[in-house]
Amino acid sequence: MSGRARRAELGQHFLAGGWLAAELVEQAGIGADDLVLEIGAGTGVLTEALARRAGRVVAVEYDPRLAARARRRLARYPNVRVVTGDALALPPPRRPFRVVANLPFGSTAAMLRRLLGDPRTALERADLVVQEQAARRYAARRPGTAETIGWGAWYDLATGRRLGPSNFRPPPRVGAAVLVARRRRPSLVPVGGHRRFTALVGSAFRHPGLPVRRALVPPFSYRQLRRLARDLGFPLDARPADLDAVQWAGLYAFLDSTQPGKMR
């Protein structure tokens, strides 16, 4: 599949102008000390706005022709490197970095898994232009999914600026919004507990229709769960999706403190 065909299939819509790109970069709070990874550079409109504010920009573009066009546009910026490749396959930077991107709508879920799925990476914040409905769904505290609850232990997800169809070329059929993922300081769960935490949440979501008083017994006793429900503020008949990341982190912390051998 060619780069253009893939881009059309995934639903890529370019920003309408440099003024909009500049506003998005300013609202993201990009500064001179930041290393920024841009995903889907396209013709380089957003990349150029990033180059004017960031210390260093690595722009990834799947389509070789668009990557070449972006390189020509950005030749006068020594702090920019345009990489031709698939952002889903490239390793993330080792030093702390930011992500600013106008994502193809069809690649949103896969890219979020890539960016937020492993808290051991050095990602500090991501500002992602995505379909508005998707932004609101991912940022919602409840109902959650096993994935969004897992991400929420290390990142706070929120919706930012809304963008109408006229802000893109070609205009999409639906509106877009900026989905912002900020690294939590401190995190709700230690990074070393990533696999154990996601396993706990995932085990409950194997039967998402069950109330937590059944889905979480075991590993908790009913007496423990009743006390935790009171302390963490959720009803025992709540479904796993009804608990937010803070409540799940509280469950994990209790289990880790009372069953250290099993949790580690």
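1. Start with the largest nonpolar core: in this predicted model, 57 residues belong to that core, and Val-99 and Trp-248 have the most contacts inside it. Helix α11, spanning residues 245–258, gives the most to this core, with six residues. In soluble globular proteins, nonpolar side chains tend to be buried together.

2. Now for the open space. The largest pocket holds about 370 Å³. Its lining is made up of 19 residues, and Leu-37, Leu-90, Pro-91, Pro-92 and Pro-93 are the closest to its centre. At least two lining residues come from each of β2 (35–39), β3 (56–61), β4 (80–84) and α5 (108–116). By class, the lining of the largest pocket has 14 nonpolar residues, four charged and one polar.

3. The second largest pocket is also worth a look, with a volume of about 230 Å³. Among its 15 lining residues, Ala-140, Arg-141, Gly-152, Arg-184 and Ala-245 lie nearest its centre. Helices α6 (132–139), α7 (146–152) and α11, together with strand β7 (155–163), each supply at least two residues of this lining. Eight of the lining residues are nonpolar, four are charged and three are polar.

Conventions. Residues numbered from 1 in each chain as written. Predicted model: local features only at pLDDT ≥ 70, side-chain atom pairs only at ≥ 80, totals over all residues. Heavy atoms only, no water. Core = buried A, V, L, I, M, F, W, Y, C linked by side-chain atoms within 4.5 Å. Buried < 20%, exposed > 50% of the residue type's maximum accessible area, 1.4 Å probe, protein only. Helix = DSSP H or I, 4+ residues; strand = E, 2+ residues; numbered from the N terminus. 1 Å grid on protein atoms, 1.4 Å probe; cavity = no way out; pocket = protein on both sides within 12 Å on 5 of 7 lines; lining within 4 Å. Points joined across faces, edges and corners; volume = space filled by probe spheres on them. Nonpolar A, V, L, I, M, F, W, Y, C, P; charged D, E, K, R; others polar.
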